[in-house]
Structure formats: structure tokens, C-alpha cells
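Subject: Structure handover

Hello,

Here is the structure I said I would pass on. Please look through it first; my notes follow below.

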Amino acid sequence: MKAIGIDIGTTTISGVVLDVDGGNVLEARTMENGSFIKTEQEWERIQDVDVILRKAAELTDALLDCCPEAEAIGLTGQMHGIVYVDGDGRHISPLYTWQDGRGNLPVKDGQQSWRELVSEKTGLSVAAGYGLLTHLYNQRNGLVPRGAVFLCTIGDYLGMALTGRKRPLIHAGNAASLGFFDSRENRFHVDAMREMGIETAILPEFTEDFVSLGTYRKIPVTVAIGDNQASFLGSVGMCRNTLLLNMGTGGQISALSDQYYEAPGIEARPFVKGTYLLVGASLCGGRAYAVLEHFFRSYARAAGLPDSSQYGMMAGLAEEGMKMSDPMQVCTLFNGTRVNPEQRGSITNLSEDNFTPEGLTYGVLEGMARELYDMYRLMCAGTNIEAAHLVASGNGFRRNPILQEICRRMFGAELSLAAYEEEAACGAAVSGVCTDEKNIE
């Protein structure tokens, strides 16, 4: 059985043709997303839906031309962000991405943020970038487009565009990613939404099942799943006590659980019906290493050296830094956390011996790993999850053997790289043929 999977990421759009039975990628293609819209607001992160849709449709067509015998199309994409659609199922807004910061803005000068206001009034924790918090800000500031009837994620909208649907139907995992959602009871907190003045009619319909949205070129298109769920499905499957570590634009740790459990910074996201992914996300993640590279590059320019990539040099520095017996401790919370966005990073345990470029480079990598490890310890506090094995994905791991080794030592478990670089697209392809969840096993 062959299936196509499409993944709309923040920076790239990827697609695969997967031999589902054999687990082999027969064709894989990736293109730059390239749809960010420049704005005057430094906190605003929006993307052009027309650009995304055109590229995703072209990619889907190209893969179908390569594999006309494909039996299903599965979809995934960046979670949390929202697109507004009208009554005819057409988008009438940009994509407000998961990186958008309007939820952290003050309600009024010198007052609490919108995120804090929601927490105070409803007791719910809804992070900036989550779609319904973005919508709340837009609604209160007159930014909801005229004619908006529903909102949905970009993966959901691609499903609408491919199948001609006029109303979004989204998976429970994407519904949870919008915020104001009770994953234990599998429902939106409609009373809390009304408390904040959010009209619940804007909500899309959602389902726990992997159901068909319709067809594209006579091939069934399955409801989109979140990129986190898709990455887990594509690289770990349904294995217990195997942690998925991702280091890309951000960082993330995920574990399969039959038990609902949440803690500060840990979400229980709906997965395959009846199970959850326990997830922790670091806001900086791989960007911490990019910040360090910028630091070294800036110094090189100041010293009259060419303005060139420093990553090769940093790899050697990290290897030497690993040999230190008493390294500096670097906290890489450069962008805070979802729970406390105002928190910042720090460097401690400095000494005359370890305050070196080698020590700093290794310290940043260790700090990136420790963010994920601390989240794992939170998961352990309320569940029986163990790190029997680690699967690592994302370029932050693939391009950095030292980071892989740090995680092996820190978690006390063997680590392997995800079999495919396009693990989210592979997971989407798997979901495409699994309208009966028993097939996922």
C-alpha cells in the first residue's frame, strides 16, 4: 500500500510517497516555505496562505504524478496557528503562526498580558501563539477579518482546499493545539471561552478518528494531524517508553501514554484514539545554537575575519568542551518558557579554567539537552514512563553528534536517529491509510 504525506512546516514544506507495508520512502521532496510576511510589529509572525497553498498543491501533484497508484493522502503541518475562513471555505486572512507573540502583549499599558488575563479569569494556561488566544487578541482589537465564519490550522485548510470542503473538520490533536481545550474530556472549554467573550460559533468541528475529508484527483484525503503527532507516528509509531526528541526551530520531547497527565510545561495531547502524547516544548531549542553561532560570527567580523559560517569551528570546540571535568552551566532559556515567557537564560559555575570558547559551546549544547531532560523528569513524576530508548529528529540532532552523545549520557539511554528526515510527512502518510486505528500497530 502506497500513501502520500504532506507536511507544511514553518520553514519548509515536505512530501513523501511511503510504502506503508514495507516502511520505505519511495520519493521525498522538500521546498522552502518562504511565505513569511514582513510587518512593522516585531511580535507578529504571519505567513501568506496563498504561497503555502500553491506550493503544497504543486508538491502534492508532483508526488501523485510519480505515484498515481497511491491509495491515500495524509496531511500534517505546524500546530497552534490559525487561518480564518469564510462561509464558502475560502481563507480571508494570513496564517497567524505558532510563533506569533500577540498573546504576550499587555491588555493595556503597564497591565497584565492577554495570556495572564485568560489565566486569571478562567484558570486555564493558554500560551502565546495558540490560535484561540491569538483570536481573542484579534477580536478585542478589531482584527478579525469581516466575513470570518471559522478558524482552523494550516494543515486543516489544505485539506479543505484539496477536497473542496466549505467547513473545516479537524482532528482532536489540532483542536487541542488551539488552546481552551480539555484533552481529558475531549471538548472545548466553551464556558471559559464565553467568559472571555469568544463566540464559540467560530470553532471548527473536530473528530477523534482518522476520517476522510473527501477526495483529490479521486484519492481519499484524510483529516490533518498535528506535526507533533505525525512526527511521533512516523518515527516511533506506538512504542511505549521510547522518547522522541526533536531539535529544530524549537525543541520538543514527546512520549506515548495511556494515561492523561499534565504538569507546568507538559501537555497531554490527543493522539490515536484513547492515547495521549505527553509533550514538553522549549521555545528556543536549536535557535540557542544559532544564537551562539551569531555571537562567534560577530566576533570574527570585528576581528577582521571573513563573514562566514562558524558551525564547523563550533563542532570542534564542543568536542573539546566535552572533555572538561567541571564545565560551565548554561541555561538556554533565551526566549523564556511557555509557562514563563519572561524568564531568561544564564551562565553559572564559571571558573578561570572553563570560561573558554570550548566550554561555552559545550555548555550551550548541554543546556539545550537539559531543557528536554527537565521536562522528562516532570513526566516521570506523574506517570510510569521510562526512557528505555531515545529517537532523535530534526537538524539540530542530525548535524550535531555531540548533542546526541550529551542526551545519551543525560537520559541514560541509547539514542538512534529517526529513520527518515521527513518523519512528519511519513507520519501523515501513515495516518492517511489508518482510518481504522488498529492498522497503526
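Is His80 buried or exposed? His80 is buried, with a relative accessible area of 5%. Buried means under 20% relative accessible area, exposed over 50%, and partly exposed in between, with a 1.4 Å probe and protein chains only.

Before the rest, some background. This is a predicted model, in which local features need pLDDT of at least 70 and side-chain atom pairs count only at pLDDT 80 or more, while totals for chains, interfaces and linings use all residues. Residues are numbered from 1 along each chain as its sequence is written, and side-chain values use heavy atoms, with hydrogens and water left out.

Overall picture

The secondary structure of the chain comes to 13 helices and 23 strands. These are DSSP runs numbered from the N terminus: helices are H or I with at least four residues, and strands are E with at least two. The C-alpha atoms fill a box of roughly 65 × 55 × 50 Å along the principal axes. For 441 residues, a compact globule would have a radius of gyration near 22 Å, and the chain agrees with its 22 Å. That radius is taken over C-alpha atoms, and the globule rule is 2.2 Å times the number of residues to the power 0.38.

Of the 441 residues, 56% count as buried. Among contacts in the chain with a separation of 6 or more, 66% come from residues 24 or more positions apart; contact means heavy atoms within 4.5 Å. The chain exposes about 18600 Å², and carbon and sulfur atoms supply 47% of it. Accessible areas come from the Shrake-Rupley method with a 1.4 Å probe, and for residues only the protein chains shown count as cover.

The chain has 37 positive and 55 negative charges, and their mean positions are 4 Å apart. Lys and Arg count as positive, Asp and Glu as negative, and His and the chain ends are not counted. Each charge is placed at NZ of Lys, CZ of Arg, CG of Asp or CD of Glu.

Positive phi

Most residues other than glycine have a negative phi, and most peptide bonds are trans. His80 is not a glycine, yet has a positive phi of about 75°. His80 sits in the loop between strand E5 (72–77) and strand E6 (83–85). Phe180 also has a positive phi, near 55°, and is a residue other than glycine. The loop that holds Phe180 runs between helix H5 (172–177) and strand E10 (181–182). Phe180 is buried, at a relative accessible area of 2%.

Covered helices

In helix H7 (residues 227–235), eight of the nine residues are buried. Among them are Phe232 and Leu233. Gly237 follows H7 and has a positive phi near 75°. As for helix H13 (residues 423–432), 10 of its 10 residues are buried, so the rest of the structure largely encloses H13. The buried residues of H13 include Glu423, Cys426 and Val430.

Aromatic pairs

Rings of Phe, Tyr and Trp (its six-membered ring) pair if their centres lie within 6.5 Å; planes under 30 degrees apart count as stacked, over 60 as edge-to-face and the rest as tilted. By this rule the count comes to 13 aromatic pairs. One of them is Trp114 with Tyr137, an edge-to-face pair at 6.0 Å centre to centre with 85° between the planes. Trp114 belongs to helix H2 (residues 114–122) and Tyr137 to helix H3 (residues 131–140), so this pair ties together parts that are 23 residues apart in sequence. Trp114 is buried at 5% relative accessibility, and Tyr137 is buried at 11%.

Tyr289 and Tyr311 make a tilted pair, with 5.8 Å centre to centre and 35° between the planes. Tyr289 lies in helix H8 (residues 287–302) and Tyr311 in helix H9 (residues 311–321), 22 residues apart, and the pair links these distant parts of the chain. Tyr289 counts as buried at 10% relative accessibility, whereas Tyr311 is partly exposed at 36%. There is also an aromatic cluster formed by Trp43, Trp114 and Tyr137.

An exposed residue

Glu32 is in strand E3 (residues 24–32) and counts as exposed at 56% relative accessibility. Leaving aside residues up to four places away in sequence, Glu32 touches Thr11, Thr12 and Lys55. The C-alpha atoms of Glu32 and Cys152 are separated by 22 Å, and the two residues are 120 residues apart along the chain.

Regards
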